[in-house]
Amino acid sequence: MTTATPGDLAGRKDELPPVSTGPLMELLSMERPPPPGPLSASLAFGWRSMLKIKHIPEQLADVTVLPVMLVLMFTYLFGGALAGSPREYIQYLLPGVLVMSVVMTTMYTGIAINNDIDKGVLDRFRMLPVWQPSTLVGHLLGDVLRYSIASSVMLVAGLLIGFRPEGGVPGVVMGVLLLIVFAFAFSWVGTMFGLLVRDERTVIGASMTVIFPLNFLSDIFVDPQTMPGWLQKLVHNNPITHVASAVRGLMEGRSPGTDVLWTLGWSIALVVVFGSLTMKLYQRK
């Protein structure tokens with residue numbers, strides 16, 4: 001057996017096949033695209049949340065069946081006793097129940113995030129080269145669709161049983177938009193619980209502990225003027241009261257400027273306080 005000498009190898013250098021320049025090499029030589037910005041990353045995760053609704057449409061029962069049940073039950077059970085007739089009561093009730101239904105829906109943001117943590121999905125997202133809070137913001141943006149569906153369903157049900165907003169289409173649209181802004185801010189509370197507790201049942205229990213007192217200690221069902229003085233103070237300082245009063249005023253064609261400002265102020269405060277707490281919890285996970 002003969003061994004090739006360096007001279008032999010040098011002589012064969014020109015006979016070696018050229019290095020491949022196929023699609024893989026071209027791909028590797030291309031400049032990498034810049035990472036997505038905060039807005040595009042948040043919208044992408046928001047689209048992911050909406051795709052869940054497409055593949056599991058039965059999860060929309062809480063924003064379709066439940067709102068209609070609430071409108072019908074409260075209108076026909078209490079309408080005659082509180083306002084003389086269901087038709088009269090629906091004019092006062094529907095904007096308030098609209099607020100209650102959408103606020104109750106916000107807890108599902110925390111449930112979805114808790115499920116992502118339990119399945120390890122959130123850990124995978126944290127490894128991506130994207131703005132880290134976009135995974136949480138995406139959940140919140142995706143749930144805006146749920147709030148819109150719940151509002152639309154309740155308005156249709158209310159119109160069918162006699163609700164007539166004197167503010168017309170502009171008043172209704174402005175009221176719903178204001179409610180969605182507040183719901184987005186209030187969702188940070190549920191998001192915090194989703195990161196804080198261990199399972200989705202605890203998320204539901206913790207969220208309801210906050211949501212139920214706020215809803216029932218408000219002017220959703222009755223005028224606060226009929227309440228005792230000490231209770232009126234609690235009701236008038238409740239953020240849900242300001243939201244319900246603002247939405248009711250806009251749909252009635254009035255200009256509830258003070259309540260609108262209170263609602264926007266509460267929204268900013270909720271984002272600042274609970275958004276900051278949520279980010280700290282997220283960084284520790």
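Let's start at Glu 252, which counts as partly exposed because its relative accessibility is 31%, a value between the 20% limit for buried and the 50% limit for exposed. The model you are looking at is predicted, so please read every value here as computed from that prediction.

Where along the chain are we? Glu 252 belongs to the loop that links helix H12 (239-251) to helix H13 (257-284). Setting aside residues up to four places away in sequence, Glu 252 touches Gln 91, Glu 166 and Gly 167. Gly 168 also deserves a look: 84 residues separate Gly 168 from Glu 252 along the chain, yet their C-alpha atoms are 8.0 Å apart.

Now step into helix H13, where you will find Thr 263. Is Thr 263 buried or exposed? Thr 263 is buried, because its relative accessibility is 0%, and the cut-off for buried is under 20%. Its contacts, again leaving out residues up to four places away in sequence, are Leu 178, Phe 182, His 242, Val 243 and Ala 246. With His 242 there is a polar detail to pick out: a polar atom of the Thr 263 side chain sits 3.4 Å from the backbone oxygen of His 242.

Finally, let's turn to helix H5, which covers residues 86-105. Follow helix H5 to Leu 93 and you will see a bend of about 45°, with a proline, Pro 95, following within four residues. How enclosed is H5 by the rest of the structure? Helix H5 is largely enclosed, because 15 of its 20 residues are buried.

Conventions
Residues numbered from 1 in each chain as written. Predicted model: local features only at pLDDT ≥ 70, side-chain atom pairs only at ≥ 80, totals over all residues. Heavy atoms only, no water. Helix = DSSP H or I, 4+ residues; strand = E, 2+ residues; numbered from the N terminus. Buried < 20%, exposed > 50% of the residue type's maximum accessible area, 1.4 Å probe, protein only. Contact = heavy atoms within 4.5 Å. Polar contact = N/O pair within 3.5 Å; in protein donor to acceptor, adjacent residues only side chain to side chain. Bend = angle between axes of the 7 residues up to and from the residue.
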